[in-house]
Amino acid sequence: MIITDNHMHLYRHLKLEALEEFKKAGGTHVLLVSLLAHHYDVSPKSGRDYVKVFEEHLSLVRKANKIVKAYAVLGVHPAEITIIGSRLGFEKATEIMKEALEIAGEYVAKGEAVAIKSGRPHYRVDSHVWKLSNEVMRHAFEVAKEVGCAVQLHTESYSFEMAMEIAKIADEVGLKREKVVKHFSPPKVKEFEEIGIFPSVLAGNDNVLTAAKQGSRFVLETDYIDDPKRPGAVLGPKTVPRKVKELLKHGFDEDFIYKICKENIEKIYGIEL
Ligand SMILES: [Zn+2]
């Protein structure tokens, strides 16, 4: 059985051991997402400085591939606008983030990564920074459209309105809504179907069952962050396999799992598992 975690980080605690746990629990495929530049001791002065971030991440993904099938997602975290902006000004931060996204897109074009990650801050920022953040996200959509890849999005908490607003930005750029994957989604499968953006549902609590009861148009994630101070945060590496297996006990069959963990992933990212 194929079991995929759509969004996980491995960088400073258990690292590959966490992936061994995922595998032991039944996990077979994972999308590993790069983190903020400072996690790689990079303090970017230009977009090119993200090459070190991406190269380090790709090297981790290569090691991960000895354990399960792992794919790279190269991100420019939306919080960078605050971090880089406080050093170099928000306009310069915007320019750096856009350039870094273009570089991420080049890696996807070369087949070394399957998607890029962007979004906008999940915390309150002033209207100027909000506007610039939306500009960065729009640029990520432009890059994705050109490369023909998906964008994982880190954003403020989900609401129907915010998702519609983002869907419209994708329309303006000409990026298909289904290529926009909302990371950290609630199990509102029907609403997402209506909006067109693809939900990556956080597998905690009863989310997986709640999502499954509404249909099969979703993928699953733990957003495992591998932080020694918060060992099981956001969710532990075994969560997706465990919750997927629970679905079987609730009467969902293997075809259903196949749809969520294989077909949906293949369709979003244009890959074959
Ligand atoms: Zn994450």
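All 6 of the 6 residues of strand β6 (residues 180-185) are buried, so the strand is largely enclosed by the rest of the structure. Buried means that 20 or more other C-beta atoms, placed from the backbone, lie within 10 Å of a residue's own. This is a predicted model, in which local features need pLDDT of at least 70 and side-chain atom pairs count only at pLDDT 80 or more, while totals for chains, interfaces and linings use all residues. Residues are numbered from 1 along each chain as its sequence is written. Helices (H or I, at least four residues) and strands (E, at least two) are DSSP runs, numbered from the N terminus.

**β6 and β5**
- Strand β5 (residues 150-154) pairs with β6 in the parallel sense over 3 bridges; strands pair if DSSP finds at least two bridges between them.
- Q152 stands opposite V181 in β6.
- From β5 the chain passes through helix α6 (residues 160-173) to β6 in a right-handed β-α-β crossover. Right-handed means that, with the strands pointing away from the viewer, the path from the first strand over the helix to the second runs clockwise.

**β6 and β7**
- Strand β7 (residues 198-202) is paired with β6 over 3 bridges in the parallel sense.
- P199 in β7 has K182 opposite.
- A right-handed β-α-β unit is made by β6, helix α7 (residues 189-195) and β7.

**E55**
- Helix α2 (residues 50-64) contains E55.
- E55 counts as partly exposed because it has 13 C-beta neighbours inside 10 Å; this class falls between buried and exposed, the latter meaning 12 or fewer.
- E55 and K245 lie 190 residues apart in sequence and 35 Å apart in space, C-alpha to C-alpha.
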